[in-house]
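User: I would like a close look at one part of this model. Please keep it brisk and give the cut-offs as you go.
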Amino acid sequence: MKEDSCLQAALLCLGMLCYSHALSTGPLNQSRPSLHGHHEKGKEGQVLHRSKRGWVWNQFFVIEEYTGPDPVLVGRLHSDIDSGDGNIKYILSGEGAGIIFVIDDKSGNIHATKTLDREERAQYTLTAQAVDRNTNRPLEPPSEFIVKVQDINDNPPEFLHENYHANVPERSNVGTSVIQVTASDADDPTYGNSAKLVYSILEGQPYFSVEAQTGIIRTALPNMDREAKEEYHVVIQAKDMGGHMGGLSGTTKVTITLTDVNDNPPKFPQSVYQMSVSEAAIPGEEVGRVKAKDPDIGENGLVAYSIIDGDGMDMFEITTDYETQEGVVKLKKTLDYETKKSYSLKVEAANVHIDPKFISNGPFKDTVTVKIAVEDADEPPVFLKPGYIFEVQENAASGTVVGKVHAKDPDAANSAIRYSIDRHTDLERYFVINAEDGNIKTIKALDREEIAWHNISVFAVEVHKQHQEAKVPVSIKVVDVNDNAPKFAAAYEAFVCENARSNQQFITISADDKDDSANGPRFIFSLPPEIIHNPNFTLRDNRDNTASVLVRREGFSRQKQDLYLLPIVISDGGLPPLSSTNTLTIRVCGCDSSGSLLSCNAEAFVLNAGLSTGALIAILACIVILLVIVVLFVTLKRQKKEPLIVFEEEDVRENIITYDDEGGGEEDTEAFDIATLQNPDGINGFIPRKDIKPEYQYMPRPGLRPAPNSVDVDDFINTRIQEADNDPTAPPYDSIQIYGYEGRGSVAGSLSSLESATTDSDLDYDYLQNWGPRFKKLADLYGSKDTFDDDS
């Protein structure tokens, strides 16, 4: 505060001094040239005439931030023609005139009424004029001048950012550029040192330095280690007045982070790792993990692991888990505790990415010894072979030994073993195994032609540890025995023509044998000894497992014999050989001259010689067509029915139809038949009537028709009878139909109004009142007698 007060006092004195100098030497005392002029002698004695300049000036100065009690005198306007009698009036116009700058119109003194700030506005342009006070006539031409605001150091430096962040690699050389910070000063850079800035470091030594003129921050110490300290906080100051005393200053914070470089090799924290694994572990199972520590980060800290030596290189492998940076030791092959109980590995950890700048820091890798102990496990029995193949002859007697399997306990205890057959693989139970020694025997005879191979599985279980078991496949081949005689390869049926020639071949036969090829072909064909001199046919063995049958004589007759059975003996090539007798069926057929088959039926000879086969077929076809026509005619005749009454378009009559059917009772189980409206006992004898069309129509007399709303059925029927009797066009009989039949099984009896109208009924129909609105009309007609009497 003391320095700022001294500075303001010095600036105030400087400003007053400049103001006094301006008053004594400035253009304010210049006078307007007189009308008579002024004479001067030249160098050659010549008289020169020079007009006096009136008020001509360029600029005034006023110091900014002046806080005195009185307005600041900026300057004075004065004209040559001003004699001091007050007849001249000075006028000021332009920027700030009358608001910031005011003028005494008599003396011409200009004062600043407000504090000015150069940073807001550096200068003002004003216009001065002298006029006659009485007439306002301009006495001088207007003159423009500038009032400049003189700067003082009233603004401290300010940085572009309050906080800066920068990175620099660790181990950087001294003087490495980190970042440049920049500050600005609002004061006038062209006047004095108010805006001349100098940078300095307040915090961050001795690690960093800053250039005073540029603000560039540089490293100041060599080999700064990120692993020791990663982040630094630096404070930079910018001071004006060239850094001298009394100048204003501003600061900013810079956070500098050291980025990582690969300057540290990986290192195992211990020299030996101890691990263990069970001999029952499967390949690929994890055994253990090792980890080399690398203080570097990112790709500089990546480590790859490998096995470089040891007696377990073939049994184990190591992979790298890049998420945890660990080496994972895994089992590569199956272990056997009884064979080898421990292994040793030499594992190396090396950096993946190496920086050539720091290669001199040493090898970026480390090694460690890994010792792995194999733990004994309770292992299941082990068969001496992965699979067994045995042979046994078919049809061997029950109890025949097929073979023997053997398993042992690999553990040191060497427990006893028991054997059994997996019955899911021997559902028919052909075999049995001795539980003690593993001998497999047959239980029933085997048939190679049924099953040539039996594939079973045998279990081996430790006697004292039932959960430890092993399984081995056993394949049993059934060896073939010649137990099947050869037979015809197909159901042969031969045909021979009646006109066959002697020694003519008409069929070739072959054989088939279910036995193996060793007991099958070659086949031998022959005729039985008793018919070896058969007069009709002979046999020739082709020696290729086929035989040809030939005709021995000429000419056959179907009328005498149309079928021959020829026995043929077939022998196989087994030891001992088997043979069978097969019968060949030979039919005698009719053939044409070229030997083409025509017919093999003997019945064809008993038919009329004059009718050919085509004629017989035509006759049969005509008979079938006639039968079909007759059947269709009879069917259509039955379906055609005559109507009960023949109605013609002009025959219109009225019939009484009563819709009071109550159902057929228990016997009404089918659809309604109009025939039930007639007498059911006369249905079978019903004969439809045929009316004759009347020649002219009869119009009934309107007077005889009852009222439409009449409920008297008796009157309605009588009216219709009278109309029919008087109608000459009506048939000569009454056509009144009575629809009162209720069915034989109905317990309700008849409810017909035709009967109730003529006879008194003792039945009680009061229950009709409870049948609902549908039966309200019936209830009204057939209600209680008292009610009926009241209504009538």
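Which residues form one aromatic cluster with Phe-383?

Analyst: Phe-383 clusters with Tyr-388, Phe-390 and Tyr-419. This is a predicted model, in which local features need pLDDT of at least 70 and side-chain atom pairs count only at pLDDT 80 or more, while totals for chains, interfaces and linings use all residues. Numbering runs from 1 along each chain as its sequence is written, and side-chain values use heavy atoms, with hydrogens and water left out.

Start with the rings. Rings of Phe, Tyr and Trp (its six-membered ring) pair if their centres lie within 6.5 Å; planes under 30 degrees apart are stacked, over 60 edge-to-face, and the rest tilted. That rule gives 16 aromatic pairs. Phe-383 and Tyr-388 are edge-to-face, because their ring centres are 6.4 Å apart and their planes stand at 75 degrees. Both Phe-383 and Tyr-388 are buried, meaning under 20% relative accessible area; exposed is over 50%, and partly exposed lies in between (1.4 Å probe, protein chains only).

Tyr-419 brings in a strand. Strands (E, at least two residues) and helices (H or I, at least four) are DSSP runs, numbered from the N terminus. Along β30 (residues 417-421) the side chains alternate. Ile-417, Tyr-419 and Ile-421 point to one face and are buried. β30 runs antiparallel to β33 (residues 453-462), joined by five bridges. Two strands pair if DSSP finds at least two bridges between them. Across that pairing, Tyr-419 has Ala-460 of β33 as its bridge partner.

Ser-475 touches two members of the cluster, Tyr-388 and Phe-390. Ser-475 belongs to strand β34 (residues 469-479). Contact here means heavy atoms within 4.5 Å. The side chains of Ser-475 and Asn-455 also make a polar contact of 3.0 Å. A polar contact is a pair of N or O atoms within 3.5 Å; within protein, one must be able to donate a hydrogen and the other to accept it, and residues adjacent in sequence count only if both atoms are side-chain atoms.

Other rings carry charges. The charged end of Lys-444 sits over the ring of Tyr-430, 5.3 Å from its centre. Lys-340 lies over the face of Tyr-343, at 5.2 Å from the ring centre. The rule asks for NZ of Lys or CZ of Arg within 6 Å of the ring centre and within 35 degrees of the ring normal.

A buried polar residue is also worth a look. Asn-262 lies in the loop between β18 (249-259) and β19 (272-278). Asn-262 counts as buried because its relative accessibility is 0%. A polar atom of its side chain lies 2.4 Å from the backbone oxygen of His-353. Beyond four places in sequence, the contacts of Asn-262 include Asp-294, Asp-296, Asn-300, Asn-351, Asp-355 and Phe-358.

Now the wider setting. The protein has six helices and 43 strands. Of its 792 residues, 33% count as buried. Among contacts with a separation of 6 or more, 66% join residues 24 or more positions apart.
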